[in-house]
Amino acid sequence: MTSRSDTTHTGTQRGFTLLELLVVVSIVALATAGVSLSLRDASATQLEREAQRLSALLDSARAQSRAMGVPLYWRPTPNGFELAGQTRDWLAPGTQATLATRDTNTPARLVLGPEPLLPPQEMALTLQGRTLWLRSDGLRPFQVSPLPHGAMN
C-alpha cells in the first residue's frame, strides 16, 4: 500500500490558492475601510460640532425665554456670538454665522421667544469654505442641514 505522500508529484508548488487570495483581499478591504473612516476631514467635523452646539444653545434659550416670558436675542459677533447678553467664542476659530433675513431694515439677530410660535428662522455657519445651515420652522427645534432652505436634495 502506498501512502498519499508517495503519489504526489515531486515538483514545487507555485502560486496561491483561491482561499488564500480571498483572505488577503478581505484583510486589505477591512484595513482600508478602517483608515478611511478615521481620516474624516477635521474642518467638517469642527463645523458639524459647532452647528450641533449652536442648535442646542438656541433651543435651550428659546425654552428659557418661554419660561421667563421675555424675549432673548442671538446675534453674531466677529469672533463668536452674543446670546442673552453673554458673548461666547466659537469652538473652531474662523467660523462665521450669517442670518438669512428677508428684511434688510431689521438688525441681524434671532428673536427666541417668548411666543410659542415664531416665524421661520435660518442661518448659515461657514468654516474654511464649508457651509452648514441651521433652521427652524418656528415651532420645532433647530435642525442642521447641508443645504439652504428650498435647495434640491
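Modeller: Start with pairing: two strands pair if DSSP finds at least two bridges between them. This is a predicted model, and in it strand 6 (residues 121-127) and strand 7 (residues 130-136) pair over 7 bridges, in the antiparallel sense. Glu-122 stands opposite Arg-135 in strand 7.

Biologist: Which order do the strands take in the open sheet?

Modeller: The order is 4-6-7-8, and the pairing of these 4 strands is antiparallel. Strand 4 (96-99) and strand 8 (143-145) each have a single partner strand, so one side of each is left without a neighbour in the sheet. From one strand to the next, the twist averages 25°.

Biologist: How many helices and strands does the protein chain have?

Modeller: There are 3 helices and 8 strands. Along the sequence the pattern is α-α-α-β-β-β-β-β-β-β-β.

Biologist: Which strands does helix 3 lie across?

Modeller: Helix 3 (residues 42-68) lies across strand 6, strand 7 and strand 8. To strand 7 the helix runs at about 20°.

Biologist: How do I read a nonpolar core?

Modeller: Look for buried residues of the nonpolar kinds, joined through side-chain atoms within 4.5 Å. Here the largest such core has 22 residues, and Leu-54, Leu-58, Trp-74, Leu-110, Leu-112, Met-123 and Leu-125 have the most contacts inside it. Elements that give two or more residues to this core include helix 3, strand 1 (72-77), strand 2 (80-83) and strand 5 (110-112). Helix 3 gives the most, with 6 residues.

Biologist: Which residues is Leu-125 in contact with, leaving aside its neighbours within four places in sequence?

Modeller: Among them are Leu-47, Ala-51, Leu-54, Trp-90, Ala-97, Leu-132 and Leu-134.

Biologist: What share of the 153 residues counts as buried?

Modeller: The share is 27% for the protein chain. The accessible surface comes to about 10,800 Å², and 59% of that belongs to carbon and sulfur atoms.

Biologist: Why does Glu-82 count as partly exposed?

Modeller: Partly exposed is the class between buried, under 20% relative accessible area, and exposed, over 50%. Glu-82 is at 22% relative accessibility, so it counts as partly exposed. The residue is found in strand 2. Leaving aside neighbours within four places in sequence, Glu-82 is in contact with Tyr-73, Trp-74, Arg-75, Thr-77 and Thr-87.

Biologist: How far apart are Glu-82 and Arg-109 in sequence and in space?

Modeller: They are 27 residues apart in sequence, and 9.4 Å apart from C-alpha to C-alpha.

Technical notes:
Residues are numbered from 1 along each chain as its sequence is written. This is a predicted model: local features need pLDDT of at least 70, side-chain atom pairs count only at pLDDT 80 or more; totals for chains, interfaces and linings use all residues. Side-chain values use heavy atoms; hydrogens and water are left out. Buried means under 20% relative accessible area, exposed over 50%, partly exposed in between (1.4 Å probe, protein chains only). Accessible areas come from the Shrake-Rupley method with a 1.4 Å probe; for residues, only the protein chains shown count as cover. Axes are lines fitted to C-alpha atoms, for helices over the stretch in contact, and angles run from 0 to 180 degrees between N-to-C directions. Contact means heavy atoms within 4.5 Å.
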